[in-house]
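Please open the model in your viewer and keep the selection panel at hand. The stops below follow one another, each with something to select.

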Amino acid sequence: MKTEIPSSHAKLSIPRGRPREFDMDETLDKAIPVFCSRGYHGTSINDLAEGMQLTVGSIYKAFKDKRGVFLAVLDRQSSQRGIELSQVLARVQSGRDKVQAALTFYAELSHGSRGREGCLVVSTAVELAALDVEIGARAAVAMQGREALMNQLIRQGKNDGSIPLHVDSAATGRLLLCLLQGLRVVGKTGKTRKEMLALVDAAMKILT
């Protein structure tokens, strides 16, 4: 998605000349590690301008303010994670295998450089939830969506026989949500891939 920023607005200090054109998705991807490493309150417009490779004026014109950038980045990261997870789940058939695939997907996000980057929903968005109604609502929707997905996969497993009928779909789905979110938090501390995947193996035992 291409966005053009007019260059004639002196108040926003946008250089004169041809409009600044940039790819919105690529630009938002560059802002994600800035917010993740510095936190919302620790991130300045100048930090974003450097990370996104835009002028400060261009950021104000496209997003209005730092909060606008954050909301766009939050939506971008959530959307991308949803697409990636859907592709992973499409490769397996049974409900049990899909649960394991989902847990493994989050475990893979929770080690190395991606693990240290973390998840905006878990970190910054939750930090701001009590202070900003809109951000809090978006964080809640994201959490509810993940919990609903785990419930759905467990029910699918019970229907296809890969998960025992005695497993409580709602309670177990919420437990797995806590594990998913916990993986993203613990991943920021530098855990290894082996350590993260071991948690998936342990979690799968509750589905027996």
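Against which helices do the buried residues of H2 pack? Select helix H2, residues 45-52, where helices (H or I, at least four residues) are DSSP runs numbered from the N terminus. Its buried residues are Ile 45, Asp 47, Leu 48, Ala 49 and Met 52, buried meaning under 20% relative accessible area, exposed over 50% and partly exposed in between, with a 1.4 Å probe and protein chains only. These residues pack against helix H1 (24-38), helix H3 (56-63) and H4, contact being heavy atoms within 4.5 Å. Just after H2, Gln 53 takes a positive phi of about 60 degrees.

A word on the source: this is a predicted model, in which local features need pLDDT of at least 70 and side-chain atom pairs count only at pLDDT 80 or more, while totals for chains, interfaces and linings use all residues. Residues are numbered from 1 along each chain as its sequence is written, and side-chain values use heavy atoms, with hydrogens and water left out.

Next, select Phe 35, Leu 48, Met 52, Ile 59, Val 69, Phe 70 and Val 73, which have the most contacts inside the largest nonpolar core, a set of 30 residues. Such a core consists of buried Ala, Val, Leu, Ile, Met, Phe, Trp, Tyr and Cys residues joined through side-chain atoms within 4.5 Å. Two or more residues each come from H1, H2, H3, H4, helix H7 (121-129) and H8, and H1 gives the most, with seven. Apart from this core lies another, of 24 residues, among them Val 88, Tyr 106, Leu 109 and Ile 154.

Returning to Val 69, show its neighbours: leaving aside residues up to four places away in sequence, Val 69 touches Ala 31, Phe 35, Leu 48, Met 52, Ile 59 and Phe 63.

Now turn to the largest pocket, which holds about 240 Å³ of space. Select Ser 78, Gly 82, Tyr 106, Ala 142 and Arg 146, the closest to its centre of the 15 residues that line it. On a 1 Å grid over the protein atoms alone, a pocket is an open set of points where a 1.4 Å probe fits, with protein on both sides within 12 Å along at least five of seven lines, and lining residues have an atom within 4 Å of a point. The elements giving two or more residues to this lining are helix H4 (66-89) and helix H8 (133-160), and H4 gives the most, with eight.

Key: Grid points are joined across faces, edges and corners, and a volume is the space filled by probe spheres set on the points.
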